[in-house]
Amino acid sequence: MTKSAVTRESVRAGAMERTYLLARPKETSRTPIVLYLHGSSQNADGARGFTANAFERFGALVAYPDGYRRHWNDARRDIPFATRKAGIDDVAFIQAVVDRLVDHGGDPSRVYLVGYSNGGHMIIRLIHEIPDRFAGVAIIAATQPEEQNFVPAARRTDPLPVLLINGTKDPLVPYAGGVTSMWGFFPRGRHVSAADTAAYYARRNGITAAPRHNSVSAGRLPVERLEYPYDEHPVVLYTVHGGGHTIPGTKRALPILGRTAMDFDAPAVIADFFGLR
């Protein structure tokens, strides 16, 4: 495991000074960059704890940006967050963080995004507006908004490797599609299913082959892998049967979020997908 030095940094995005945590390994020359985008009501410090620092194991520059008032101005039209009401340009903020990490020695050709919940929906916005900045993304506990709930005006279709992780018992983001909400309250618009999300990105990447299915883990919460194979831009969906609104293999989330598959190491799977180890 690579030991990282952690510092709090700031960067100007538009007229605002924005902050992020940076975990920096000893070697930073042409180092891969990973940005982890936290869920709603979290922040950078909470994100490190929520993930048990697991994304810092692979020798990358890992940044944890702070959402405005703990939220992101994400891809969904129907969100009540202050960042939407204030018109915060989170796309510009993420670009500014990437630019700063490149200045720190990061490799601009190996910039990866990992996002959970609201952070995953923010990734969906980013890869439709500035996909050329990224080499791959991992979206956890988030699905593609239906058209009437999809906000980005600019919808670029540059292909990207996409990894998805969803639980079938997610109490906030229905695995089979429908309205996302906070346990039935504060609805945040309609979304397609996890499987249809994977199919959407396969079409976007120009993949015409049928997906392959296989079992990954037969633990207490079995994990199934669906892959749309493509040499450069694959799309993979990991389904955690019985899993909740959680990140498998990090630390157990609060019971209200559902069950966490602790025998499925999601950060390692994501690192392999990105080619970080």
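Glu147 is exposed, at 53% relative accessibility. Here exposed means over 50% relative accessible area, buried under 20%, and partly exposed in between (1.4 Å probe, protein chains only). Arg155 is partly exposed, at 34%. The side chains of Glu147 and Arg155 meet in a salt bridge, 2.8 Å from N to O. A salt bridge is a side-chain nitrogen of Lys or Arg within 4 Å of a carboxyl oxygen of Asp or Glu.

The model is predicted: local features need pLDDT of at least 70, side-chain atom pairs count only at pLDDT 80 or more, and totals for chains, interfaces and linings use all residues. Residues are numbered from 1 along each chain as its sequence is written, and side-chain values use heavy atoms, with hydrogens and water left out.

**Salt bridges**

The count comes to 17 salt bridges.

| Asp107 | Arg30 | 3.3 Å |

Asp107 forms its salt bridge with Arg30. This pair links distant parts of the chain, 77 residues apart: Asp107 is in strand β5, Arg30 in the loop between β2 (16–24) and β3. Helices (H or I, at least four residues) and strands (E, at least two) are DSSP runs, numbered from the N terminus. Asp107 is buried, with a relative accessible area of 7%. Arg30 is exposed, at 53%.

Arg156 is partly exposed, with a relative accessible area of 32%. Elsewhere, Arg8, Asp45 and Asp66 are linked in a network of salt bridges.

**Parallel strands**

Strand β3 covers residues 31–37; seven of the seven are buried, so the strand is largely enclosed by the rest of the structure. Two strands pair if DSSP finds at least two bridges between them. β3 runs parallel to β5 (residues 106–116), joined by six bridges. Leu37 stands opposite Gly115 in β5. β3 also pairs with β4 (residues 61–65) in the parallel sense, over three bridges. There, Val34 has Val62 as its bridge partner. From β3 the chain crosses through helix α1 (residues 44–50) to β4, and this β-α-β crossover is right-handed. Right-handed means that, with the strands pointing away from the viewer, the path from the first strand over the helix to the second runs clockwise.

**After β4**

Two arginines lie in the loop between β4 and α2 (82–85), and one of them is Arg69. Arg69 is exposed, with a relative accessible area of 61%. Its phi is positive, about 50 degrees, although Arg69 is not a glycine. Arg70 lies in the loop between β4 and α2 as well. Arg70 is partly exposed, at 40%, and has a positive phi of about 75 degrees. Most residues other than glycine have a negative phi.

**Antiparallel strands**

Strands β10 (residues 212–217) and β11 (residues 223–228) run antiparallel, joined by five bridges. They form a hairpin with five residues between them. His213 has Leu226 in β11 as its bridge partner. Six bridges then join β11 to β12 in the antiparallel sense. A hairpin of six residues connects these two strands, and Tyr228 stands opposite Val235 in β12.

**Covered helices**

Helix α5 spans residues 194–204, and its buried residues include Ala194, Tyr201 and Arg204. What covers the buried residues of α5 includes α4 (118–129), β7 (162–167), β11 and β12. Gly206 follows α5 and has a positive phi, near 75 degrees. Helix α6 is mostly covered, with seven of its nine residues buried. Among them are Val269, Ile270 and Phe274. The buried residues of α6 pack against β5, β6 (136–140), β7 and β12.

Met182 is found in the loop between β8 (178–179) and β9 (190–191). It is buried, at 19% relative accessibility. Met182 touches Leu172 and Arg188, leaving aside residues up to four places away in sequence. Such a contact means heavy atoms within 4.5 Å. Met182 and Leu172 are 5.6 Å apart, C-alpha to C-alpha.

Leu254 lies in the loop between β12 (235–240) and α6 (266–274). Leu254 is exposed, with a relative accessible area of 59%.
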